[in-house]
Amino acid sequence: MNFDLNVILSKQDELLYGIAVTIFVWVVGTLASAALGFVIATARRYGGVLVDRALAVPVEVIRGTPFLVQLFLLYFGGPYIGLSLDALPAGLLALSIYGSAYFSEIFRAGYQSVPPGHVEAAETLGFTRGQVIRVILLPEMALLVLPPSVNMAIILLKETALLSLITVPEMTMTASAIGSQEYAFVEAMLLLALTYWILVELAGLLGRLAEKKLSRYRLAKA
Amino acid sequence: MSWKLFSLLLEASLMTIFVSTISILIGLVLAILLSAANLSGIRPLQWGGKFFISFFRGTPLLVQLLLLYNLLPVMGIQMPSLATAILGLSLCTAAYQAENLRGGFEGVPRGLVESADMAGFSPAQTFFHIRVPIALRLTLPALINEAILILKASSLVSVVGLVELTRMAQNLVASTFMPLELYASAGLIYLVINLTVAVLGRQLEQRLPGAPAK
């Protein structure tokens, strides 16, 4: 076996483009997931029993099925119900819906972790519901939801690799294409794995730094 | 969608269940070996284990499978796609399970390990008769969770050419042009399998001795 990384590295422009697409999809997808997840968790908390139960179903369905199947359903099945999306928006949408189900559970646990007394105290003081969420609930649960959120962000980063299967030109697709063209598939995949590894470690590092920053807000143990 | 198509999906889901079950079991054995390496106190073994766990947790399973599928033939190893799929899934889940088990091993009461030492158990005996059973019991919920994750992740072995549930759906879509019905049905089957595993897992969790007191 001729092991030659230079063949791959000579295509650096294409590789960097692929990495940029991966990071773009990852960052936008994670932010959208977190935002949508927060909306779902909040609706489930304040929308009454019916909304809570109605939202529990899609959340469980998304959490109980593979992302690959969801992705194929949206991308290949979508056009049959008038939802024709290009690969990139379809991938982003699928990733955001998938992530939102998991994020909604993270925020749900976060809401539950805040002592009810704090909310009641704020309500007694005349805080509106929006204020209670913004001033009491979010800051208090921030520390608790941060580690699982970072974990989820890392999971989503790895899931972006699946978007290559619906031809989103992110780094897995780019590396596969270059690897096949240059007859250096193993080298391409090794380099690809290394890139993901570095990104994952970096994300974990950033998460730990953020946790340290936030930890001074840790509630005193009752 | 006809019953004929659905029954083909059901048949293929047996392959999904088979591959996932074998991989989880092999992964568990590997995870226990990785834990032994970590607890051995031998530096190179610990580093090797850490490297393994970090790599397989830090890269997408899809990339691992593509790498494995192309690396093995280059190394002169010919394996059927079933074996490649099981190998790939096992290595990946081993890393996650080892990470789960680490918490379990930390939860083994020191006193039990010390008593075993005092009673003349060899380190290997202490490991297999005291530490492993307790760590496994403590991390049973995480193991069930991992089983569900692997059932879902097994959809990726379709890329190494194994015809399991997702690949069967893909193949049928190619000939019938009914992606909506087929992928939704495949999703439904995954959901039923996973809910079953979750329910059985909770039953097992409650029935086994040493269930956490409510």
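Mentor: A helix here is a DSSP run of H or I with at least four residues, a strand is a run of E with at least two, and both are numbered from the N terminus. Keep in mind that this is a predicted model. Take chain B as the part to look at. By that definition, chain B has nine helices and zero strands, and along the sequence its pattern reads α-α-α-α-α-α-α-α-α. The C-alpha trace of chain B spans about 70 × 50 × 25 Å along its principal axes. Chain B has 214 residues, and 38% of them count as buried. Among contacts in chain B with a separation of 6 or more, 77% join residues 24 or more positions apart.

Next, the place where chain B meets chain A. The contact draws on 26 residues of chain B and 28 residues of chain A. On the side of chain A that touches chain B, the elements giving two or more residues are α3 (48-64), α4 (67-77), α8 (171-181) and α9 (185-214) of chain A. The largest share of that side is from α9(A), with ten residues. By residue type, the side of chain A that touches chain B holds 21 nonpolar, five polar and two charged residues.

For chain A there is also a record. An unreviewed UniProt entry lists "transmembrane region" for residues 15-43, 55-75, 81-103, 143-168 and 188-209 of chain A. In the model, residues 55-75 of chain A are 90% helix and 0% strand, with end C-alpha atoms 23 Å apart. Residues 143-168 of chain A are 65% helix and 0% strand, and their end C-alpha atoms lie 35 Å apart.

Notes
Residues are numbered from 1 along each chain as its sequence is written. Chains are lettered from A and ligands numbered from 1 in the order in which they are written. This is a predicted model: local features need pLDDT of at least 70, side-chain atom pairs count only at pLDDT 80 or more; totals for chains, interfaces and linings use all residues. UniProt positions are given in the numbering used here, feature names are shortened, and annotations may be inferred rather than shown by experiment. Two residues are in contact if their C-beta atoms, placed from the backbone, lie within 7 Å. Ala, Val, Leu, Ile, Met, Phe, Trp, Tyr, Cys and Pro count as nonpolar, Asp, Glu, Lys and Arg as charged, and the others, Gly among them, as polar. A residue is buried if 20 or more other C-beta atoms lie within 10 Å of its own, exposed if 12 or fewer, and partly exposed in between; C-beta atoms are placed from the backbone.
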